[in-house]
Amino acid sequence: MAKEITARTDDYSQWYIDIVKKANLADNSAVRGCMVIKPYGYAIWENMRDQLDRMFKETGHVNAYFPLFIPKSFLSREAQHVEGFAKECAVVTHHRLMNAPDGSGVVVDPASKLEEELIIRPTSETIIWNTYRDWINSYRDLPLLINQWANVVRWEMRTRLFLRTAEFLWQEGHTAHATREEAIAETRQMLDVYARFAEEYMATPVIKGLKTAHERFAGAEDTYCIEALMQDGKALQAGTSHFLGQNFAKAFDVKFLTEDNQQEYVWATSWGVSTRLIGGLIMTHSDDDGLVLPPRLAPTQVVIVPIPKPAAQINEEAEKIMKALRAQGIRVSYDTDEKNRPGFKFAEHEMRGVPVRLGLGLRDLEAGQVEVARRDTKEKKAVPLAGIAEYVAQLLEDIQQNLFDRAARFRAEKTTRVDTFDDFKAILETDIPGFISAHWDGTTETELKIKELTKATIRCIPLDGEVESGTCILTGKPSAQRVLFAKAY
RNA sequence: CGGGAUGUAGCUCAGCCCGGUAGAGUACUCGUCUGGGGGGCGAGUGGUCGCAGGUUCAAAUCCUGUCAUCCCGACCA
């Protein structure tokens, strides 16, 4: 069997790239740092997007769209915000091209210089809050609960397909509230939505937590996050939800009249997840044979492979099976390719992470059964054709659950409590370091020092972590709660 | 942006040191035998050697620049 995917133990980064390319998820593009999301990869994103969109609507949000371009002056209104993003902005300076005088092609027409440069949004807080100023007058206009699906650009030095690209797709929710408490509740609610999505749909267990001051979003008072653990023992921030306080309201002068006729600044939140989730999905479940997808997000949940190739009798049975599966709401396809042999197709569908494969040949038809192979465990089993739809429907649920359980078990195994800096360093030197739960004195100085010494960062202060006092692993100063460290993407 | 490596057929790569007008495997097309885990045989298609300059009678090969990708650092969803 010709292996086309690098083993994880040989080269984890290469394994990841192989999966992305061989499973047809994405390609590098002609533009530095940007990727082409291919139809199969985009289909996964569509499934994520559709489900998240439902969850946003269920919690009272509506979609809108704000411009790609942001006037440069907007970005600098909020001091922390501009400081955080200034180093990675693409800037539009001109609006016209012209033929080069020497005939060598087109050049920027110097006469078309913009009076004020436009920034391609790295995130939309500024343009949105500049707009909200006009939309919000009274407490009756609140809360304002808006989401947008968009692309953003952050000019990254080093990029990796899905995990960090110069342009990426995401959603950004931006809400305005009358009170601090309500805004915080919104921030927490959306964090819960993300966690539920990650666990129930991506089958990826996540830790909900609060970012430290140093890791906080530029312009936020508090940044909450969900953190997932990848198979190589590194953490991935899978989603963030920010309590913005009144920072943007003040920067953009967004006030409202309260019931007792007082002018007050509104309270804000923003929250987002991106195509990075696809990278997380890959690194949570996939193996050396290729992509492994949780059934709820898989573009194709079941594929039927005719053995040895399509034939009238097999096609007929396949149609019946497909009809029965579709009646159960299952996404199924029939591999009608005549050219490749079954063995090739098996490998191909495994590479693309199709959760369930049904192998159907004349031998099976005679026996009134079908060969059912599940992607997560690679188990194969002959199952009677009668009641196959119900069997597969249940199997898809089992696979979804098994993937979650497996990932949860892995995370539990790779989460270590340590109480000394020596133990801390020892864990980080292992092949798969994982999460380290340890005491920290709460200062940015210590956080940076630990990062400098070990490359590990504080991923979050877990929300449901037990309250336990102790002493900081580095400084020995008092600590009220353990925090979660890890090397991170 | 610093350090390292690599760009030759769709893909993986050889050829480069020692300049002489481009090869293999795979993929693709056609035929044929096959067919329950990545098939065999035969015949074909396919490349201005990343790009731009320079040296030379002659450049994939030597020189300069540039772009891209990968790995390692600093930064980040």
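**View 1. The largest cavity of the predicted model.** In this predicted model, the largest cavity has a volume of about 40 Å³. By the rule applied here, which counts cavities of 30 Å³ or more, the structure has one cavity. The residues that line the largest cavity are Pro205, Leu229, Thr284, Ala407, Phe410 and Arg411. Helix 12, which covers residues 388-413, gives the most to this lining, with three residues. Sorted by class, the lining of the largest cavity is made up of four nonpolar residues, one polar residue and one charged residue.

**View 2. The largest pocket and the residues that line it.** The volume of the largest pocket is about 1600 Å³, and 46 residues form its lining. Which residues of the lining lie nearest the centre of the largest pocket? They are Glu88, Arg154, Glu156, Glu215 and Gln237. The classes of the lining residues can be followed around the pocket, with 15 nonpolar, 15 polar and 16 charged residues contributing to its lining.

**View 3. Helices, strands and domains around the largest pocket.** Several elements each supply at least two residues of the lining of the largest pocket, and the helices among them are helix 4 (79-85) and helix 8 (276-285). The strands that each supply at least two residues of this lining are strand 10 (167-177), strand 13 (235-245), strand 16 (267-274) and strand 24 (457-462). In terms of domains, the lining of the largest pocket takes at least three residues from domain 1 (15-66 + 122-285) and at least three from domain 3 (415-486).

**View 4. The protein surface near RNA strand B.** RNA strand B is surrounded by 41 residues, and the closest of these are Gln237, Arg276, Arg357, Arg363 and Asp364. Of the atoms of RNA strand B that come within 4 Å of the protein, 36% belong to sugar and phosphate. Helix 1 (12-22), helix 10 (342-351), strand 19 (356-361) and helix 11 (362-367) each supply at least two residues of the surface near RNA strand B, and the largest share, seven residues, comes from helix 10. By class, the surface near RNA strand B has 14 nonpolar, nine polar and 18 charged residues.

**View 5. Close contacts between side chains and RNA strand B.** Which part of RNA strand B lies 2.4 Å from a polar side-chain atom of Arg276? For Arg276, the partner is a sugar or linking oxygen of RNA strand B. In the case of Arg363, a polar side-chain atom lies 2.9 Å from a base nitrogen of RNA strand B. The side chain of Lys380 has an N or O atom that is 2.8 Å from a base nitrogen of RNA strand B.

**View 6. A salt bridge between Asp27 and Lys38.** Asp27 and Lys38 form a salt bridge in which the closest N and O atoms are 3.7 Å apart. This pair links distant parts of the chain, with Asp27 in strand 1 (residues 26-28) and Lys38, eleven residues apart from it, in the loop between strand 2 (35-37) and helix 2 (39-58). In total, the structure holds 24 salt bridges.

View 7. Most residues other than glycine have a negative phi, and most peptide bonds are trans. The peptide bond from Leu142 to Pro143, however, is cis, with omega near -5°, and Pro143 sits in the loop between helix 5 (125-135) and strand 9 (144-153). The peptide bond from Ile307 to Pro308 is also cis, with omega near 0°, and the place of Pro308 is the loop between strand 17 (302-307) and helix 9 (312-327). Phe162, although it is not a glycine, has a positive phi of about 70°, and this residue is found in the loop between strand 9 and strand 10.

Note on methods:
Residues numbered from 1 in each chain as written. Chains lettered and ligands numbered in written order. Predicted model: local features only at pLDDT ≥ 70, side-chain atom pairs only at ≥ 80, totals over all residues. Heavy atoms only, no water. 1 Å grid on protein atoms, 1.4 Å probe; cavity = no way out; pocket = protein on both sides within 12 Å on 5 of 7 lines; lining within 4 Å. Points joined across faces, edges and corners; volume = space filled by probe spheres on them. Helix = DSSP H or I, 4+ residues; strand = E, 2+ residues; numbered from the N terminus. Nonpolar A, V, L, I, M, F, W, Y, C, P; charged D, E, K, R; others polar. Domains from an automatic or database assignment. Near = heavy atom within 4 Å. Polar contact = N/O pair within 3.5 Å; in protein donor to acceptor, adjacent residues only side chain to side chain. Salt bridge = Lys/Arg side-chain N within 4 Å of Asp/Glu carboxyl O.
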